[in-house]
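Please look at the structure before reading the points below.

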Amino acid sequence: MTALPEISKFIDSSITEGDFKVALSEMRNYLDGLLGEDGTTETARTILKIPLSGVVTQADSYTATASDSGKIIRFTGSSAITLTLSAALSLGTGWNVTVINDTSSAVTIATSAGEAIDGTTSYVIKAGGRAQIVCDGTRFFVTSTPSQDSGTHGWQLFTGNGTFTVPEGVERIYVVIASGSGGGTGARIW
């Protein structure tokens with residue numbers, strides 16, 4: 001990748017128009033190497049592995065690919081579902097998804113090439129459960145999941161303004177915020 005041009009190439013009083021154009025060309029080459037040559041937000045998000053870059057809702061089994069990195073994959077079907085993870089090498093270090101199981105059955109996370117996910121080749125998310133899956137380029141890890149055996153789980157999805165009333169007996173609330181397209185960012189509050 002091309003190095004970032006020195007700031008002096010942009011602000012020195014002796015810079016000519018030609019020097020400035022060369023510096024801008026060097027900056028463009030640097031950004032192409034950093035964010036992708038096509039200049040799209042989606043390519044930049046994929047390259048930078050920016051989290052929470054959208055929500056994918058699935059009612060059937062699904063195969064996660066590199067373009068799913070940072071997304072929430074929400075399952076809504078009524079039968080057993082499998083989320084197959086593409087090969088760790090193709091997904092790369094830092095690839096991650098958050099999986100939400102809004103079904104009445106289990107969602108099984110399976111690896112496609114026998115790679116490990118938390119030391120085994122599959123991971124089960126019970127109905128109402130969720131987990132974040134992260135890749136290190138050779139294997140997968142479950143980095144966060146609330147206890148799936150400690151009581152009732154529920155979800156409330158807001159696509160705009162809304163109100164949530166905390167039910168009696170609730171000790172923890174997990175909030176996932178995904179913003180709109182373009183330059184939006186995401187946050188996870190635990």
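Two strands count as paired if DSSP finds at least two bridges between them. The model described here is predicted. The protein has four helices and eleven strands.

**Overall**
- The protein has 190 residues, and buried residues make up 29% of them.
- Its accessible surface comes to about 11000 Å², and carbon and sulfur atoms account for 53% of that area.
- Among contacts between residues at least 6 apart in sequence, 50% join residues at least 24 apart.

- Strands of a sheet pair through backbone hydrogen bonds, in either a parallel or an antiparallel sense.
- Four strands form an open sheet here, in the order E2-E4-E6-E7, and the pairing is mixed.
- Strand E2 (62-64) and strand E7 (122-125) stand at the edges; each has a single partner strand, so one side of each has no neighbour in the sheet.
- From one strand to the next, the twist averages 20°.
- E2 pairs with strand E4 (residues 81-85) in the parallel sense, over three bridges.
- Tyr 62 has Leu 83 in E4 as its bridge partner.

**A nonpolar surface patch**
- Phe 164, Val 166, Ile 173 and Val 175 form a nonpolar patch on the surface, and together they have about 300 Å² of accessible area.
- Val 166 lies in the loop between strand E9 (140-144) and strand E10 (175-178).
- The relative accessible area of Val 166 is 42%, so this residue is partly exposed, a class that lies between buried (under 20%) and exposed (over 50%).

Definitions and conventions:
Residues are numbered from 1 along each chain as its sequence is written. This is a predicted model: local features need pLDDT of at least 70, side-chain atom pairs count only at pLDDT 80 or more; totals for chains, interfaces and linings use all residues. Side-chain values use heavy atoms; hydrogens and water are left out. Patches are made of residues with over 30% relative accessible area and no salt bridge: like charges are joined within 9 Å, nonpolar side chains (Val, Leu, Ile, Met, Phe, Trp, Tyr) within 5 Å. Accessible areas come from the Shrake-Rupley method with a 1.4 Å probe; for residues, only the protein chains shown count as cover. A salt bridge is a side-chain nitrogen of Lys or Arg within 4 Å of a carboxyl oxygen of Asp or Glu. Helices (H or I, at least four residues) and strands (E, at least two) are DSSP runs, numbered from the N terminus. Buried means under 20% relative accessible area, exposed over 50%, partly exposed in between (1.4 Å probe, protein chains only). Contact means heavy atoms within 4.5 Å. Axes are lines fitted to C-alpha atoms, for helices over the stretch in contact, and angles run from 0 to 180 degrees between N-to-C directions.
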